[in-house]
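Look over the sequence and the fold before reading on.

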Amino acid sequence: MNVILFGATGMIGQGVLRECLQDPRVERVLVVGRTAVDAAAAGHPKLREIVRPDLTDLSGIEAELADYDACFFCLGVSSVGMKEDAYRRVTYDLTLSVARTLVAADPGLTFVYVSGQGTDSSEAGRSMWARVKGKTENDLLELVPDAYMFRPGFVQPMDGVVSKTRLYRIAYAITGPLIPLFRRLAPNAVNDNRQIGRAMIAVAESGSQTRVLSPREISARAAAPSEKV
């Protein structure tokens, strides 16, 4: 399969990119982002990059986005300290703008979106980030016939990946030694970025019984990537 990846420099996206480059089922990876990936990945023969300062405007490169089987959308920001309109511009407006462009180029595209556990599908709850994520999920599911929402739990970074968000870096530094214990006590509440990447590839290859995947379902698809569903 040929994959487009947004958010490849983030904590989850770095893990997804690594899995795509290592998996023999993935032939080509096009990374679209505001900044280039790190040098270790940049020279890989599967990888091609398009760096765009404004991802809300993909005009002029539509032809380069055609003939792809899946989009793995890992781009996002923390809602900490953000007002709703600013958070919505990145989380909802940008995501839907990209999805519309890709669906126009590839109507049969599989679109996998990284959301979050606790997302509010009713769009009516008190939590701002959960409402915005819920609206984003709902509209993606309506727009893209083959769309899947990933709602990971606590995400463990692997392979030396570090979050770009300072608050998260501090949190991981404090909780890091406890993660193995947490995974044993609550295995269905934790995903690592390797699992998310493997599960995305599996879903792009053969789908999923549900279009909104919980941490448990993400882990299951990662563990059985060749299973037809």
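Predicted model: local features only at pLDDT ≥ 70, side-chain atom pairs only at ≥ 80, totals over all residues.

Residues are numbered from 1 along each chain as its sequence is written, and side-chain values use heavy atoms, with hydrogens and water left out.

**Whole chain**

- The protein chain has 8 helices and 9 strands. Helices (H or I, at least four residues) and strands (E, at least two) are DSSP runs, numbered from the N terminus.
- Of its 229 residues, 48% count as buried. Buried means under 20% relative accessible area, exposed over 50%, and partly exposed in between (1.4 Å probe, protein chains only).
- Take the contacts between residues at least 6 apart in sequence: 66% of them join residues at least 24 apart. Contact means heavy atoms within 4.5 Å.

**Helix α1**

- Helix α1 covers residues 11-22. At 1.5 Å a residue, its 12 residues should span 16 Å, and the end C-alpha atoms are 17 Å apart, which agrees. The expected span is 1.5 Å times one less than the number of residues.
- α1 is mostly covered, with 9 of its 12 residues buried.
- The buried residues of α1 are M11, I12, G13, G15, V16, L17, E19, C20 and L21.

**Helix α7**

- Helix α7 covers residues 193-206. Its 14 residues should span 20 Å at 1.5 Å a residue, and its end C-alpha atoms are 20 Å apart, in agreement.
- α7 is largely enclosed by the rest of the structure, because 11 of its 14 residues are buried.
- Buried residues of α7 include N193, Q195, I196, G197 and S206. Also among them are A199, M200, I201, A202, V203 and A204.

**The α3 and α4 pair**

- Two packed helices are described by the angle between their axes and the distance between the axes.
- The axes of α3 (residues 84-105) and α4 (residues 128-143) come within 10 Å and cross at roughly 15 degrees. That makes α3 roughly parallel to α4. The cut-offs are under 35 degrees for roughly parallel, over 145 for roughly antiparallel and 65 to 115 for roughly perpendicular, with the rest oblique.
- The crossing of α3 past α4 is right-handed.
- On the α3 side, the contact uses E84, Y87, R88, T91, Y92, T95, L96, A99 and R100. On the α4 side, it uses M128, W129, R131, V132, K133, K135, T136, D139, L140 and L143.
- These contact residues divide into 9 nonpolar, 3 polar and 7 charged. Ala, Val, Leu, Ile, Met, Phe, Trp, Tyr, Cys and Pro count as nonpolar, Asp, Glu, Lys and Arg as charged, and the others, Gly among them, as polar.

**Loop residues**

- A8 is in the loop between β1 (2-6) and α1. A8 counts as buried, at 5% relative accessibility.
- A8 touches G13, Q14, L17, V31 and V37, leaving aside residues up to four places away in sequence. A8 and A36 are 28 residues apart in sequence and 8.6 Å apart in space, C-alpha to C-alpha.
- D67 sits in the loop between β3 (47-51) and β4 (70-73). Its phi is near 70 degrees, a positive value in a residue other than glycine. D67 is exposed, with a relative accessible area of 59%.
- E123 sits in the loop between β5 (110-114) and α4. Phi of E123 is near 65 degrees, a positive value in a residue other than glycine. E123 is partly exposed, at 31% relative accessible area.

Conventions
Axes fitted to C-alpha atoms, helices over the stretch in contact; angles between N-to-C directions. Left-handed = near helix turned anticlockwise from the far one by under 90°.
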